[in-house]
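I opened a new notebook page for this structure. The entries below follow the order in which I looked things up.

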Amino acid sequence: MTKAPTVEDVALAAGVSRQTVSNVLNSPGIVREETRERVLQAISDLGYRPHVAARRLRTRRSSTIGIHLDPYAGGISGVVLDRFVHALTERAGERGMRIQLYAARTPGDEIDRMRELIDGGEIDAVVITGTFHGDPRTGWLADRGIPFVAFGRPWGEDDVAAPAHLWVDVDGAAGTRAATEHVLARGTRVAFLGWPAGSGTGDERERGWREAMASAHAEGPRLVCEEDVGRARTVVADFLEGGNEVDGIVCASDALAIGAHLAAASAGRADLPVIGFDNTPAAEALGLSSVEQLPERVAAGVLELLMGESGSVVAPRLPAAGRAHVLVEPRLVVR
């Protein structure tokens, strides 16, 4: 049986001391970049894996990141968060970290659960999802100095230049802008089917449609519907039965897009371009174009903000580069 590589083996291969290897693993910020990269390359070449239990005792860290697991609510678009959690778990493992899932039904319940896990030493940091205006979770974490990153922006007045906390998000406006421009190539009247105003994510997606329409000097109706396939079908069916003509419909989600497509097909307009958002398997099965969020890139951005580009422990402050947010460009999938 081949002997597993040790810290001493890594130090010898990298031409550094055992303490330097330990610093790279536990406090990478204090090691020069050139030396750090040499040690990381030796770790990769040798296939070295730190002894997690020993490191936990030595550093008093759990090497674990907590993330809330949303309760199952059915629907179509939940697959995006599933992909995100899977990617986060995989990439965290590559950095010697683990993911702890926890359940909570309300923001207050989640704060209670985070407190239990942090006070019990079970997690070192948190990734939160589904941020919203006035989110109490971010303030609670920030006030206690707990390292965290949000999948979702703070929704403040200046989230880019002066964000309230570290965040990674998908550029929803860029996605719907690309979708609208794609439909505008066929005609100038493009509708937008979105959620009621006041949702940060929904408002961002609507903004992309409005910007594309304004740039093209085009006009189109704004239709409103809650996140529900049946309701979306009714809203679009009523709109089309009213004699309204459009060259296409851009939607805030795949659920809305599926409802819109079913309504168009029933009205004899199965060829009406309908574009969704999330690129779920349901949209793919129906042959609908959609904007894909690329949650794998979101997961990579979350870990980079939380741990630095090559860190193996959670950073208590901003990364050395000082970057406080990552905005992921989505991809329009045309079918």
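Is H325 buried or exposed? I found H325 buried, with a relative accessible area of 18%; buried means under 20% relative accessible area, exposed over 50% and partly exposed in between, with a 1.4 Å probe and protein chains only.

Before going on I noted the ground rules. This is a predicted model, in which local features need pLDDT of at least 70 and side-chain atom pairs count only at pLDDT 80 or more, while totals for chains, interfaces and linings use all residues. Residues are numbered from 1 along each chain as its sequence is written, and side-chain values use heavy atoms, with hydrogens and water left out.

**Entry on H325.** I placed H325 in strand β11 (residues 325-328). Helices (H or I, at least four residues) and strands (E, at least two) are DSSP runs, numbered from the N terminus. Setting aside neighbours within four places in sequence, I listed V160, W167 and L305 as contacts of H325, contact being heavy atoms within 4.5 Å.

**Entry on β10.** I looked at strand β10 (residues 289-292) and found both faces covered. S289 and V291 lie on one side, S290 and E292 on the other, and all are buried. In a regular strand the side chains alternate between the two faces of the sheet. Strand β9 (residues 274-277) pairs with β10 in the parallel sense over three bridges; two strands pair if DSSP finds at least two bridges between them. I noted S289 in β10 as the bridge partner of I275.

**Entry on α2 and α3.** Helix α2 (residues 18-26) packs on helix α3 (residues 33-46) at about 90 degrees, with the axes 10 Å apart. Axes are lines fitted to C-alpha atoms, for helices over the stretch in contact, and angles run from 0 to 180 degrees between N-to-C directions. That makes α2 roughly perpendicular to α3 (angles of 65 to 115 degrees; under 35 is roughly parallel, over 145 roughly antiparallel, the rest oblique). From α2 I listed T20, V21, V24 and L25, and from α3 T35, R36, V39, L40 and I43.

**Entry on α8 and α9.** The axes of helix α8 (residues 172-184) and helix α9 (residues 200-215) come within 7 Å and cross at roughly 40 degrees. That makes α8 oblique to α9. Among the contact residues I noted R177 and E181 in α8, and W209 and M213 in α9.

**Entry on E90.** I found E90 in helix α5 (residues 79-94). E90 is partly exposed, at 44% relative accessible area. E90 and A300 are 210 residues apart in sequence and 10.0 Å apart in space, C-alpha to C-alpha.
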